[in-house]
Amino acid sequence: MREILDDIERWRLNGRRVVVARVVNIEGSGPRDPGASMAVNEDGEVAGSVSGGCVEGAVVGEALGILHGDQQPKLVTFGYSDDEAYAVGLTCGGTIHLFIEPLTW
Amino acid sequence: MSSIYETLRDRIRRDEPVGLVTVIEGPNIGAKLLIIPGGPPTGSLGDSELDRIVGRDALAELEAATTGVRHYGPQGQTTPEDLIDTDTVSVFVESFSPPPQMWIFGAVDFTAALAKVAKVLGYRVTVCDAREVFATRRRFPMADEVLVSWPGPVFGARGSELGPRDAVCVLTHDSKFDVPAVMGAIATRVGYIGVMGSRKTHDKRMQRLAEAGLTEPHQIERLMSPVGLDIGARTPEETAISICAEIIARRTGRITPSLRDGSGAIHS
C-alpha cells in the first residue's frame, strides 16, 4: 500500500473512485509476496503492481467491472490450472490469489 | 472521525506500525479491523468475539511483521473440532511495520553509494560522521538523516531502536571511529554489522577491538568484516551492491561467498 498511497490520494482529491487489489496468497512460484498492491481508478489509470506484469491487465478489467457493476469486493485467483488465468499468462507456473475491492472504507 | 483508510494512510506515512485485517471469504466479505498497538482495534468483522480473537492474533502478526491469510469460525473459533459443520471466515492480515534502518558510519564516497542502494531496498538511512565538513546533507541528499557525532552518543541515545531487521555499516577505515562504532553496534540487537576495510585493516582493527573488550567468539561472529559478498566489486556502487546482497543473503540464510569467509586480496 505504501507505494500506491500518493496516486490514490491524488485520485481521491480529484473525486475519482478507486479500486484496490492486493495479493493475499501465492502458491508455488509467484513474483510478488502477499501485501503487494495495485490501485485502479475509474478512468483505468493504474498504480503499483501485483505480479511481474502477467495479470495486471486482467486486474484492471476486474477493477473496472466492480466499479461499473455491483461494487462488491471479490477474491480472484489466477493460476496455471485456471483457463482464464492461463490465457492472461501467469508464466511462472504459480497461483496468485488477489482480493479486489472498491476503496470505500 | 477518520475512516479506516485515512487512519491506515496516516500511520503508514508516519512510519508507525499498523495492521489491516480484511474478510476475504465468508460472511461480511470486505469487512475490516484496524490494529493499532497499545489501543483497541477499530472497525468490525461483524462479530464482537471474532473481532477480539482476530485482533489479538493480528497484533502478534504485526509485532512479527508478518502478513498472511488466517481462518476462523464465525465467532472466532480456532480449534478444528469447533470448525466442523460451520462456515469459516478467512481474513487477510496485513502488517505495516516501520521500514528497517541502516546506520552508516563514515561519510565517504562509499557511503553515498550505499545509502542510495539501501534506499532502493526500503531502508531508512542514517549517515553519521564526527567530521562536520563531511557529514552534510548536501553530500548525502538521499539519506533520511545526517548526524555529526561520534558513534558512542548515537548508540547511547538510540541503540535500543535497532533490531534483527536493521543494519549497521562501518565504512570509515579509521580505528578511532571504527572501534566505538563496532562496540556500539555489538551492544545492540542489530541483525547485520558490516565493517569495511582491506584484510590488513581488518587484522589491525580486530586487535584494537580485542583491546576494547571484544573477545567473545559469538560476538566476533556477528561482524561481517571485511564487509560484502566476494563478487569482485570495485567501484563504490558495486561495493554497495555487494554489501546489500550480503545483508539479503544473511537474512535468507543462503550460502553465498562472503569476503569475511575467504582469504587473499579483495581486489585481484
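## Helix α7 of chain B

In this predicted model, helix α7 of chain B runs over residues 199-211, and its 13 residues, taken at 1.5 Å each, should span 18 Å, which agrees with the 19 Å that separates its end C-alpha atoms. Within α7(B) the buried residues are B:R199, B:H202, B:R205, B:M206 and B:L209, and because they cover an arc of only 115° around the axis, they lie on the same side of the helix. An α-helix has 3.6 residues a turn, so residues three or four places apart point the same way.

The buried residues of α7(B) pack against α6 (175-186), β10 (192-195), α8 (217-220) and β11 (223-224) of chain B. On the face turned away from that buried side, α7(B) carries the exposed residues B:K200, B:K204, B:Q207 and B:E211. After the helix comes B:G213, whose phi is positive, near 110°.

## Salt bridges between and within chains

Side chains of opposite charge can pair when their charged atoms come close. Over all chains the count of salt bridges comes to 27. One of them links B:R13 with A:D6, with the closest N and O atoms 2.8 Å apart; since B:R13 lies in helix α1 (residues 4-13) of chain B and A:D6 in helix α1 (residues 5-13) of chain A, the pair joins two chains. B:R13 is partly exposed, at a relative accessible area of 42%, whereas A:D6 counts as exposed, at 56% relative accessibility. A network of salt bridges also links A:E9, A:R12, B:E6, B:R9 and B:D10.

Within chain B, the side chains of B:R52 and B:E49 meet in a salt bridge with an N to O distance of 2.7 Å. Both residues lie in helix α2 (residues 48-64) of chain B, three residues apart, which is about one turn of the helix, and B:E49 is partly exposed, with a relative accessible area of 33%. The side chains of B:R70 and B:D57 form another salt bridge, at 3.5 Å from N to O; because B:R70 belongs to strand β4 (residues 68-72) of chain B and B:D57 to helix α2 of chain B, this pair ties together parts that are 13 residues apart in sequence.

## Cysteines without a disulfide

The structure holds zero disulfides over all chains. For B:C128, which is in no disulfide, the nearest cysteine sulfur is that of B:C169, 13 Å away; B:C128 itself counts as buried, at 1% relative accessibility.

## A buried loop residue

B:A143 sits in the loop between β7 (124-129) and β8 (145-148) of chain B, and this loop residue is buried, with a relative accessible area of 4%. When its neighbours within four places in sequence are left aside, B:A143 is in contact with B:V125, B:V127 and B:R137. From B:A143 to B:L259 the separation is 116 residues in sequence and 26 Å in space, taken from C-alpha to C-alpha.

Terms used:
Residues numbered from 1 in each chain as written. Chains lettered and ligands numbered in written order. Predicted model: local features only at pLDDT ≥ 70, side-chain atom pairs only at ≥ 80, totals over all residues. Heavy atoms only, no water. Salt bridge = Lys/Arg side-chain N within 4 Å of Asp/Glu carboxyl O. Buried < 20%, exposed > 50% of the residue type's maximum accessible area, 1.4 Å probe, protein only. Contact = heavy atoms within 4.5 Å. Disulfide = S-S within 2.5 Å. Expected span 1.5 Å × (residues − 1). Arc of directions from axis to C-beta.
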